[in-house]
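Here is a guided walk through one structure. Keep the sequence and the 3D view side by side as you read.

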Amino acid sequence: MNDMAKIKTSDLFCAAYLLTRGARLTKVLRDYESKGRYAFEFQDPHILGFTNDYVAGKAQANVLELKSSLKHLKDLLQNKVEFQSY
């Protein structure tokens, strides 16, 4: 799995989109570099393409899956869960 690209984002909507696309959420932690907000780290061989689509406004996803991913991430943040996948 070492050849998979990784990204870290504090953008909740981008994180939800990446989950919807099947990217693996590997970490949720406090990002003290960005005023203590939480950051999400993802890993996927196609993650750079997904991220580029999101930034360019070309992201496409099933709305119900996106809503479910967003709710899942918000639940993690409300419970102030910090985790790392192994």
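At 26% relative accessibility, tyrosine 54 counts as partly exposed. Buried means under 20% relative accessible area, exposed over 50%, and partly exposed in between (1.4 Å probe, protein chains only). Tyrosine 17, by contrast, is buried, at 3%. This is a predicted model: local features need pLDDT of at least 70, side-chain atom pairs count only at pLDDT 80 or more, and totals for chains, interfaces and linings use all residues. Residues are numbered from 1 along each chain as its sequence is written, and side-chain values use heavy atoms, with hydrogens and water left out.

The structure holds one aromatic pair. The ring centres of tyrosine 17 and tyrosine 54 lie 6.1 Å apart and the planes meet at 25 degrees, so the pair is stacked. Rings of Phe, Tyr and Trp (its six-membered ring) pair if their centres lie within 6.5 Å; planes under 30 degrees apart count as stacked, over 60 as edge-to-face and the rest as tilted. Tyrosine 17 sits in helix H1 (residues 12–20) and tyrosine 54 in helix H2 (residues 47–55), 37 residues apart. Helices (H or I, at least four residues) and strands (E, at least two) are DSSP runs, numbered from the N terminus.

Now look at H1. Seven of its nine residues are buried. Among them are Leu12, Cys14 and Leu18. Their cover includes strand S1 (5–9), S3, H2 and H3; contact means heavy atoms within 4.5 Å. After H1 comes glycine 22, whose phi is positive, near 95 degrees.

Next, the core. The largest nonpolar core has 18 residues, and Leu18, Phe42, Ile47 and Leu73 are among those with the most contacts inside it. Such a core is a set of buried Ala, Val, Leu, Ile, Met, Phe, Trp, Tyr and Cys residues joined through side-chain atoms within 4.5 Å. H1, strand S2 (24–31), strand S3 (37–44), H2 and H3 each give two or more residues to this core. H1 gives the most, with six.

Which residues of H3 are buried? They are Ser69, Leu70, Leu73 and Leu76. They cover an arc of only 120 degrees around the axis, which puts them on the same side of H3. The arc is that of the directions from the helix axis to the C-beta atoms. The face turned away from this buried side carries the exposed residues Val63, Leu64, Lys67, Lys71 and Gln78. Lysine 80 follows H3, with a positive phi near 50 degrees.
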